[in-house]
Amino acid sequence: MELEVKKADAFPLRSPSNPKLEKWKSFISTISQNKAAMVGACIVAFYMLIALFAPILAPYDPYEINLPNKLQPPSFEHWMGTDDKGRDILSRIIYGSRLSMGVGFASVFFGAMFGITMGLIAGYYGKWVDSIISRILDVMLAFPGILLALAIISALGPSLINVTIAVGAFSVPLFARIVRGSTLEVKKLEYIDAIRSLGANDATIIFKHILPNIMSPIIVQGTLRLATAILSAAGLSFLGLGAQPPSSEWGTMLSSGRDFLFSAPHMALFPGLTISVLVLGFNIFGDGLRDALDPRMKK
């Protein structure tokens, strides 16, 4: 009897662990140890909260014209000054976060949706299907991203919706190539052959068993792509091809401020800093996600 008690003490019972829960704990632990990634996450979260609570946070109406107060420098009344129409720049930046981040997220979603679909089909079926899709992607990659966007907007006309389509279009081949390469690796694994032998159709194999196992590089690429999308959208609006005045989109505000660089530099300074900080936040957060989700980056 004593021997049995000693054995029980030597090998205590353990509750079965949840693999998904352990995976999330490992992910959060890795991210929390990366100080740069945490800074990036805080920056992104801060901007999202600003966009979400813009009506509460904005001290003034971003579109209210007040010509007697035009080109006022930063003060206690207007923390970031006023523009050439007397509008409060801080309020316009707060409301502009909705437009700029909305375009970024929408364009990346558009590019990822088509890119993931094309990459899955090309990688899974291979042969002539892969050849056709790969040649289409090669043609799209032959043009620099901003040049392809300019061509699309020239055909569709300047607007915020067309900017979203244009920026999303040059994100398609990047997602497609990543997904294609990952699909080629996963479809060779034994469990895919086992599932196929059980009678599962192609759609089930692709979307239920392959796609969930290649989400890590997609998430990392999507996060990094958000920075590029926001910057590209702001650049196109700066050129007058995106959001049009009196929109409070950051690129449009930056374009309006370039005519007053010497008399009222704050008009261009604050929108430019806003774009730079958000893009930096997405980039360093994306690097942290890559370190956490890529097994090859772990020691």
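Tutor: Arginine 87 counts as buried because its relative accessibility is 9%; buried means under 20% relative accessible area, exposed over 50%, partly exposed in between (1.4 Å probe, protein chains only). This is a predicted model: local features need pLDDT of at least 70, side-chain atom pairs count only at pLDDT 80 or more, and totals for chains, interfaces and linings use all residues. Residues are numbered from 1 along each chain as its sequence is written, and side-chain values use heavy atoms, with hydrogens and water left out.

Student: Where is arginine 87 found?
Tutor: In the loop between helix H4 (54-57) and helix H5 (89-125). Helices are DSSP runs (H or I, at least four residues), numbered from the N terminus.

Student: What is arginine 87 in contact with, leaving aside neighbours within four places in sequence?
Tutor: Its partners are Pro62, Tyr63, Glu64, Ile65, Gly81, Thr82, Arg92 and Pro246. Contact means heavy atoms within 4.5 Å.

Student: On to H5. Where is its kink centred?
Tutor: On glycine 96, at about 35 degrees. That bend is the angle between axes fitted to the seven residues ending there and the seven starting there.

Student: And just after H5, which residue takes a positive phi?
Tutor: Glycine 126, with a phi of about 60 degrees.

Student: New topic: how do the residues lining the second largest pocket divide?
Tutor: Eleven are nonpolar, one is polar and none is charged. Ala, Val, Leu, Ile, Met, Phe, Trp, Tyr, Cys and Pro count as nonpolar, Asp, Glu, Lys and Arg as charged, and the others, Gly among them, as polar.

Terms used
Helix = DSSP H or I, 4+ residues; strand = E, 2+ residues; numbered from the N terminus.
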